[in-house]
Amino acid sequence: MPNNKTHVVGGIVSFVVMFLILSQITSLAFPIIFIGLIVAIIYSLLPDIDTDVSTANNVMEKLLVAIGLISSIYYYFFSDPIALLVVIFIFIWLFFLKVLVKHRGIIHTIEAGAVFSLLLLYYSPWLFWFAFAGFLSHLLLDGELKSFSWKEIKKRL
Ligand SMILES: [Zn+2]
């Protein structure tokens with residue numbers, strides 16, 4: 001299994017490839033090129049948030065638990081419905097991460113990459129492509145460049 005360093009290199013290579021493709025059709029402004037590089041690297045590491053040992057997952061989990069605790073206390077004192085919603089959402093998300101998602105399951109698919117990358121469309125369509133390229137480089141290096149399939153997911157649960 002490739003380590004994080006390999007994935008970062010993959011992310012940089014995918015950025016260069018995507019930059020060469022995009023520069024054929026448009027002239028990218030400097031901030032977008034720079035942010036595109038960062039985005040490609042982040043997205044080349046993103047699929048491993050479903051791995052217990054990955055740093056991304058550990059940090060996110062601690063953050064979620066902290067936000068959940070603060071929200072419960074806030075709800076206890078102010079009975080704000082939004083705080084309750086946040087707690088429920090975090091509970092579902094942690095359950096999803098801990099119980100349902102196995103490494104290289106649902107998040108290691110091309111579709112998951114598209115969904116995660118779509119979040120950046122709002123900011124810039126070019127960033128979508130850099131993110132998607134970074135994500136695909138991860139799947140390629142893992143040797144898991146595949147589509148979502150219910151059969152596969154059930155096998156992994
Ligand atoms: Zn992976």
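How many residues has H2, and how far does H2 reach from its first C-alpha to its last? H2 has 16 residues and reaches 23 Å, close to the 22 Å expected at 1.5 Å a residue, the expected span being 1.5 Å times one less than the number of residues. The model is predicted, so that local features need pLDDT of at least 70 and side-chain atom pairs count only at pLDDT 80 or more, while totals for chains, interfaces and linings use all residues. Residues are numbered from 1 along each chain as its sequence is written.

Helices are DSSP runs (H or I, at least four residues), numbered from the N terminus.

| Helix | Residues | End-to-end C-alpha distance | Expected span |
|---|---|---|---|
| H2 | 16 residues | 23 Å | 22 Å |

The largest nonpolar core, with 18 residues, is a set of buried Ala, Val, Leu, Ile, Met, Phe, Trp, Tyr and Cys residues joined through C-beta atoms within 7 Å. H1 (4-25), H2 (30-45) and H6 (125-142) each supply at least two residues of this core, and H6 gives the most, with ten residues.

Of the residues of H6, 14 of the 18 are buried (20 or more other C-beta atoms within 10 Å of a residue's own), so H6 is largely enclosed by the rest of the structure. Gly-143, whose phi is positive, near 70 degrees, follows H6.

In H2, the buried residues include Val-39 and Ala-40, both listed among the core residues with the most contacts inside it. Leaving aside neighbours within four places in sequence, Val-39 is in contact (C-beta atoms, placed from the backbone, within 7 Å) with Leu-120, Leu-127, Phe-130, Ala-131 and Gly-134.

Note on methods. Buried ≥ 20, exposed ≤ 12 C-beta atoms within 10 Å, placed from the backbone. Contact = placed C-beta atoms within 7 Å.
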